[in-house]
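Hello,

Here is the structure I promised to pass on to you. Have a look at it first, and then read on for my notes on its side-chain contacts.

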Amino acid sequence: MLAVWAVSTLTMLVLAGALPDFRLQSETGESVTRIAVTAAFGAGAFGLLSALVWPLLVRALLLVPALVLGLLVFFLNGSLLLLALRINPSGQGAAAPETAVVVAAVMSAVASATGGALAVRDDDAYRRRLYRLADRRRRQADGGPGHAGPGTVFLQLDGVGHDVLEAATEKGLMPTVATWLGRPANETAHPRPTHRLTPWRTDWSSQTGASQLGILHGTNHDVPAFRWYEKDTREVMVCNRPAGAAELQRRAIDRTGDGGLLTVDGASRGNLFSGGAEQLALVLSIAARRGRRNRSRAGYFAYFSDPANAVRTAMSFVADVLREIGQSTRARCAQQRPRVKRGGLYPLIRAFATVVERDVVVSAVIGDMFAGRAAIYADLVAYDEVAHHSGPHSRDAAKVLERLDRSLALIAQVAEHAPRAYRIVLLSDHGQSPGETFLGRYGLTLGDLVRAGSGLPVPRRARRTHSGAEARTAVRAALRIPVEEHVEEYRPTRRSEPIVLASGNLGLVSFPDVPHRMSREEIDARHPALLPTLANHPGIGFVLVRSEEHGGVVLGAHGAEVPIGELSDEHPGPLADFGPGAADAVRRTHGFPRTADIMVNSWYDPADGEVLAFEEQIGSHGGLGGCQSRPFLMSPLALSAPVEEDENLVGAEQIHRVLRRWLRESNGPQVPLTHESEPQRGAGNFATGHDEPTPAKQQNPADA
């Protein structure tokens, strides 16, 4: 602390000499000693006010939108500096208001960097600091029941497919993950594996809404896509809208009769759904609540209660905005193909996902671990957001993976000093498949094709379909901007016209004037050219429609059609290119009550792994085809294997059952015994696999 105070004093002296509107002496001049004393008192008073007053200010500003609070940080910091100068006994300090903002921001950043640098240089001191914090948590918990066994941290790397994770570890992009898997980071290092890596297969709807609902709540029944039209309510349901997420969570709880995976001492961070947890932060399903019942934004205020956090995150935010502008400019100048527009507000949305949300979520997870919570589930969306616009295998996305790996390393280091042991489980909800957009290749949208096949006029200029990435909604929720889906944009001018919705490379066509799911026979009677137009288009892989004769039928090019009951991996029909499990996935979705009248999956090239997104994305997910349907589950060897060697992990609901089993396994006294001479460790064997405590280095989520 003395070192930080000394550096802050020196920083104040330097700024006083550099900024004309900031002075530490009277106009007639003062001795060097008095100026130094004035600077030392000012730095000390500013630090003390920041420590004492800042949390109270944040609590008083709970009604302010989270991102607005991040901007207010600088002005409030400047106000505290002006107050520190005013109460200075020498009475010599003064600064213009705008200068005070700059000085306060620089001092906070320098103080934070100094503290971090000192801790990095002294691993023992930092370890002792973590032990003291863990001991404080234990003392606060005295009188309550002790921890029955190790806790579990589930970290969801949104959109990171099994193939991407494998490639990242081989290229050295994710050394922490490679170490857990026992893969050498260099020729001399041969770590012992502590985790196993298992691929799993999603449902037909390979997107966060369906996968995370199944993982956290045990069922994703009747979730046919990312967005779909519900004929009973005459509304468009969207997974990443607060009202939609809340309704889907309610339906899942009603179906299972269970609160979710995290109902016992759980925490949900950065997710679409709560999982039944009491501790919530940045959870979309409660973002629509008003008043005290809405705890979704609590994570922002807990993080920004430290002004140094706000300054570091703000700097990283600006850096990432500039990074995105530079990367998109380079891609445009190099005429990279495929490419989508990345202007407008996108650089800010990307920076929110890769910096703000990451920092807040990681900070919340660390707080949960020091609190000793039994089950923590957090979603890190940075990679998914960047891969949508830059491509899943792009250099831009690879840089994001490197920073995510540093966040994982930080969480593992903290786990070694938590009041209970922790097992860290990594998983993803889906992957991403590359490819240009349907609009980019054919010059028309899926909606245009449907209108043409229905004999309706087609607009001269194709209308772009906006991306449904989670980060865009999270930004709007943080700003308290209404984030409900604009249903009007999907409603046709006449009720007899179809509603066409896109979910990655999965399209849905519904006829709102018919209260039930239309059959093939009914559609042919109304629009005889529609189904042949869709099935024979080169950008369409297959079409699913209900049939009065067969119950359901899958249509393909050149008149191919297979009744739903006859589909199998041995006789896939039009699904041949989509690999094992495609028939079962399509058959399951066909049985949902709210499946659209016509389900359309884009073309897929098994040689290149490319699909054609119906949205403006060059890395997409939501349907069948390629790596989007093949996420991963990475679990400690201390836990039982997810499935037997000859079995496959299929569907988010099975993932839920596996995670529940692991939580049950952690309820017993399974912490390995240590020698009496060794200090008690938190998660060495479970999280990192080290036989000895690993020296932890100071690292803030903003630096990760």
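Phenylalanine 578 counts as buried in this predicted model, since its relative accessibility is 11%, under the 20% cut-off. Its ring makes a tilted aromatic pair with tyrosine 604, with 5.7 Å from centre to centre and 35° between the planes. Phenylalanine 578 is in the loop between S16 and H20, while tyrosine 604 belongs to strand S18 (residues 604-605), so this contact ties together parts that are 26 residues apart in sequence. Tyrosine 604 is buried too, at 12% relative accessibility.

The structure holds six aromatic pairs. Another of them joins phenylalanine 578 to phenylalanine 542: the ring centres are 5.2 Å apart and the planes stand at 85°, so the pair is edge-to-face. Phenylalanine 542 sits in strand S14 (residues 540-547), so here the parts tied together are 36 residues apart in sequence. Phenylalanine 542 is buried, with a relative accessible area of 0%. Ring pairs link Trp204, Phe542, Phe578 and Tyr604 into a cluster.

There is also a charge over a ring: arginine 441 places its charged end over tryptophan 603, 4.9 Å from the ring centre.

Now for the salt bridges, of which the count comes to 30. One of them is between aspartate 222 and arginine 594, at 2.7 Å from N to O. These two are 372 residues apart, with aspartate 222 in the loop between helix H8 (208-217) and strand S5 (227-230) and arginine 594 in the loop between helix H20 (582-590) and strand S17 (598-602). Aspartate 222 is buried, with a relative accessible area of 6%, whereas arginine 594 is partly exposed at 23%. Both belong to a network of salt bridges that also includes Glu230, Asp232, Glu247, Arg250, Arg251 and Asp254.

Which residue does aspartate 320 meet in a salt bridge? The partner is arginine 350, at 3.2 Å from N to O. This pair links helix H11 (residues 307-333), which holds aspartate 320, with helix H12 (residues 346-370), which holds arginine 350; the two residues are 30 apart. Aspartate 320 is buried at 1% relative accessibility, and arginine 350 is buried at 0%.

Finally, glutamate 561 forms a salt bridge with arginine 520, with the closest N and O atoms 3.0 Å apart. Glutamate 561 is in strand S16 (residues 561-563) and arginine 520 in helix H18 (residues 520-526), 41 residues apart. Glutamate 561 counts as partly exposed, at 39% relative accessibility.

Best wishes

Conventions: Residues numbered from 1 in each chain as written. Predicted model: local features only at pLDDT ≥ 70, side-chain atom pairs only at ≥ 80, totals over all residues. Heavy atoms only, no water. Salt bridge = Lys/Arg side-chain N within 4 Å of Asp/Glu carboxyl O. Helix = DSSP H or I, 4+ residues; strand = E, 2+ residues; numbered from the N terminus. Buried < 20%, exposed > 50% of the residue type's maximum accessible area, 1.4 Å probe, protein only. Phe/Tyr/Trp six-rings, centres within 6.5 Å; stacked < 30°, edge-to-face > 60°. Lys NZ or Arg CZ within 6 Å of the ring centre and 35° of its normal.
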